[in-house]
Amino acid sequence: MSTNKLTDGRLAQAALDRRTFVRGAVATALLAPLGGALAGCAVPSGGSGGEETAGGEMTADNPFGLAQDADVEAVIFNGGYGFDYVQFAADEANKQFADVTFEVSPSTQIAQELQPRFVAGNPPDLIDNSGAGLIGFNTISDQLEELDDVFEAPNYEGTTIADTLYPAVKAPGTYNGRFVALNYVMTVYAVWYSASLFEDNGWTAPATWQEAIDLGAEAKKADKKLFVWGKEAATYYQTMALNSAIKEGGDEVRLSLENLEPNAWSLDAMQGVLEALHEIVQKGYFVPGGAGTQFTAAQARWSNDQDALLYPSGGWIENEMKDATADDFRMTGFPTPTVSDSPAMPYEAIRAGAGEPFIVPSQAANPAGGKEILRAMLSAEAATNFSQSRLAPTIVKGIVPDDGFGSTALVSQTGMLDAAGDNIFNYQFVDYYGLNADQLVVWNAFLSGDLDVKGVTDKLQKISDDVAADDSVEKIEVS
């Protein structure tokens with residue numbers, strides 16, 4: 001078995017968005033080498049060495065040595081977040097460097113368009129390496145600038161950037177000990193509900209699974225269900241189960257799952273969560289028929305029709321359902337319930353991760369310019385623009401106002417991040433090994449009541465075991 005020993009950050013290279021979870025099987029292909037040409041390219045020194053870079057002197061106001069008359073090129077993945085937020089940041093940088101030309105261009109095929117430029121030795125100065133067509137980091141990580149100096153630089157407000165960020169945001173972009181990808185957006189995983197509906201009925205968000213089961217009984221009295229699911233997103237419930245089990249059992253659970261250990265799915269904490277979910281299924285607290293329902297239609301049963309009280313998802317859920325959400329829904333998230341009232345991690349612990357990775361190629365004509373755009377993106381002005389226009393938090397703390405720009409979901413995301421403090425965790429084994437497609441079948445059967453706890457445990461374990469036993473799959477050891 002081929003094994004690389006890497007930190008948690010190495011696992012986080014897959015984009016943390018809805019498409020990654022629904023189509024997790026894509027991740028393995030993304031991680032495979034794109035060809036020997038990239039891996040074999042010589043890596044020049046780039047723009048990080050010495051006191052002068054690309055003709056500019058390094059100063060407090062010009063920490064990367066950007067030449068005053070430079071041309072800077074950025075290519076940005078034009079996906080769910082668009083690309084104009086980077087143009088906004090480039091315009092902010094232009095206020096600092098009036099004679100520099102910043103060109104920001106969109107792309108939906110990053111690898112297809114930019115891999116040849118890596119081979120030719122003329123990649124852009126900044127790349128948002130995202131989307132289904134991203135360039136596998138294992139093929140280019142040694143051709144990228146280290147970005148520690150970006151975090152060490154002052155922002156446009158004069159504060160050291162590292163002091164303005166959420167904890168552990170370097171980890172997802174660190175490969176073989178080198179911090180080479182700056183992930184800009186924070187994705188928070190939670191359970192979501194309508195605060196107005198709960199207030200009207202005197203309900204409270206459950207902190208434990210027993211409280212969730214009790215809430216299911218109350219929902220039944222109101223002719224509602226506790227949960228709903230759709231066939232393409234059945235593994236959202238796996239995500240919720242994993243989050244809960246990791247909070248209950250701590251690192252033992254997380255590392256067992258990440259490292260594909262033989263009995264990972266049978267650990268007590270995981271079994272406790274599965275038993276609670278099985279009870280919820282058996283009591284009829286799920287809207288039936290999810291295995292035959294398209295996932296956004298199922299989500300609308302929660303957000304618009306309010307047939308169900310709770311729905312597990314990432315923070316993208318508000319934007320995804322903005323056209324199918326009841327008036328005054330006041331979408332709000334809370335941390336995943338735990339099995340007991342004395343878990344290994346506090347109730348406030350959440351799964352969250354930085355995503356949307358930005359890279360600065362060493363072979364670029366102007367790496368200092370790429371870093372300067374990143375510096376601008378991490379300014380208060382640009383981070384505020386992103387959160388206000390995309391209703392999503394960046395890695396910059398303290399940006400979202402108390403009213404969340406009118407978004408209760410955004411307020412709750414930042415509130416959960418603040419409450420969690422250092423109790424933020426992440427895992428990527430599902431995406432890294434491309435397990436989601438097989439796991440979807442299992443979870444649709446489990447949520448439909450066709451599998452009991454032993455059945456779902458055995459099938460999920462077999463999926464992990466099959467990958468562990470496959471010598472053709474490169475393994476990673478997470479520590």
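Visitor: At what angle do the axes of helix H20 and helix H21 cross?
Guide: The axes of H20 (residues 436–447) and H21 (residues 453–469) cross at roughly 180 degrees and come within 10 Å of each other. Axes are lines fitted to C-alpha atoms, for helices over the stretch in contact, and angles run from 0 to 180 degrees between N-to-C directions. The model is predicted: local features need pLDDT of at least 70 and side-chain atom pairs count only at pLDDT 80 or more, while totals for chains, interfaces and linings use all residues. Residues are numbered from 1 along each chain as its sequence is written, and side-chain values use heavy atoms, with hydrogens and water left out.

Visitor: What are H20 and H21 called relative to each other, and why?
Guide: An angle under 35 degrees counts as roughly parallel, over 145 as roughly antiparallel, 65 to 115 as roughly perpendicular, and the rest as oblique. The value of roughly 180 degrees is over 145, so H20 and H21 are roughly antiparallel to each other.

Visitor: Which residues make the contact of H20 and H21?
Guide: On H20 they are Asp438, Gln439, Val442, Trp443 and Phe446, and on H21 they are Val456, Lys459, Leu460 and Ile463. Contact means heavy atoms within 4.5 Å. By class, six of these residues are nonpolar, one is polar and two are charged. Nonpolar covers Ala, Val, Leu, Ile, Met, Phe, Trp, Tyr, Cys and Pro; charged covers Asp, Glu, Lys and Arg; the others, Gly among them, are polar.

Visitor: At what angle do helix H11 and H20 pack?
Guide: H11 (residues 236–249) packs on H20 at about 85 degrees, with the axes 9 Å apart. That value makes H11 roughly perpendicular to H20. Tyr237, Gln238 and Ala241 of H11 meet Gln439, Trp443 and Leu447 of H20. This contact has four nonpolar, two polar and no charged residues.

Visitor: How many helices and strands are there in the protein?
Guide: The protein has 21 helices and 14 strands. Both are DSSP runs numbered from the N terminus: helices are H or I of at least four residues, strands are E of at least two.

Visitor: Is Pro357 buried or exposed, and how do you know?
Guide: Buried means under 20% relative accessible area, exposed over 50%, and partly exposed in between, with a 1.4 Å probe and protein chains only. Pro357 has 4%, so Pro357 is buried. Pro357 lies in strand E12 (residues 350–359). Leaving aside neighbours within four places in sequence, the contacts of Pro357 include Ile127, Phe137 and Leu182. Leu182 is 175 residues away in sequence, but the two C-alpha atoms are 5.2 Å apart.

Visitor: What makes E12 largely enclosed by the rest of the structure?
Guide: 10 of the 10 residues of E12 are buried, so the strand is largely enclosed.

Visitor: How many bridges join strand E9 to E12?
Guide: Seven bridges join E9 (residues 182–194) to E12, and the two strands run antiparallel. Two strands pair if DSSP finds at least two bridges between them, so E9 and E12 count as a pair. In this pairing Val188 stands opposite Ala352 of E12. Strand E6 (residues 126–128) is joined to E12 by two bridges and runs antiparallel to E12, with Ile127 opposite Ile359. Strand E13 (residues 424–425) also has two bridges to E12, but these strands run parallel. There Phe425 of E13 is the bridge partner of Arg351.

Visitor: Which residues are buried in H17?
Guide: They are Ala382, Ala383, Asn385, Phe386, Ser387 and Arg390. The buried residues of H17 pack against helix H5 (84–96), E9, helix H16 (367–377) and H18.

Visitor: Is Leu391 buried, exposed or partly exposed, and why?
Guide: Leu391 has a relative accessible area of 25%, which lies between 20% and 50%, so Leu391 is partly exposed. Leu391 sits in the loop between H17 (380–390) and H18 (408–420). Its phi is positive, about 50 degrees, although Leu391 is not a glycine.

Visitor: Is Asp328 buried or exposed, and how do you know?
Guide: Asp328 has a relative accessible area of 56%, so Asp328 is exposed. Asp328 lies in the loop between helix H15 (317–320) and strand E11 (331–334). Phi of Asp328 is near 55 degrees, a positive value in a residue other than glycine.
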